[in-house]
Amino acid sequence: RMNLAKYAKVFTTHANSVLLNATQFTERFGTYQKLSALDFSEQERYDCIDWFCEQVLKLYTPQQIILHELYMVEEYRSKEHSIKAFSDKYKIPQKNDLLKKMHDRCKMHFAGCHLITPPDNVLADAYQKWGLHPLHFHKQ
């Protein structure tokens, strides 16, 4: 769900906890390019997923794997306790389509794994401890 920071041929997660902040990252490594999963071709994504799954299968059998399937939600409980829709900036339909393809690819590799599927009627929550985001769900 996080963007990536690309510096030369190296990729890292573009998150405050990893980068500390953009200024410190730039001072240490120089300029970088911020990328979203949507910036990669489908084949590039499949190549990465295939490689990742192959590495996991070197360590675990499918019966030892739990695949947690999840998707972004389109609505959230606001601080005023009303239900609101997320803005288009999150590109939720496009990212959920991408997540579906990624989950399907993992399920192909991990045939026979344990699968946790998302429940219906899930909301994000403005009070979630990591902040409001389409993947930060309401407790109930």
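Here's a quick briefing on the fold of this chain and on one of its helices, α3. The model is predicted, so local features need pLDDT of at least 70, side-chain atom pairs count only at pLDDT 80 or more, and totals for chains, interfaces and linings use all residues. Residues are numbered from 1 along each chain as its sequence is written, and side-chain values use heavy atoms, with hydrogens and water left out.

**Overall layout**
- You're looking at four helices and eight strands; these are DSSP runs numbered from the N terminus, with helices being H or I of at least four residues and strands E of at least two.
- Reading from the N terminus, the order is β-β-α-α-β-α-β-β-β-α-β-β.

**Burial and contacts**
- Buried residues (under 20% relative accessible area, 1.4 Å probe, protein chains only) make up 27% of the 140 in the chain.
- Take the contacts (heavy atoms within 4.5 Å) with a separation of 6 or more: 61% of them link residues 24 or more positions apart.

**Helix α3**
- α3 covers residues 42-57, 16 residues in total, and its first and last C-alpha are 22 Å apart, close to the 22 Å expected at 1.5 Å a residue (1.5 Å times one less than the number of residues).
- Its buried residues are R45, Y46, I49, D50, C53 and V56.
- They sit on the same side of α3 because their arc around the axis is only 130°, taken from the directions from the helix axis to the C-beta atoms.
- Those buried residues of α3 pack against α4 (92-109).
- C48 and W51, on the other side of α3, are exposed (over 50% relative accessible area).
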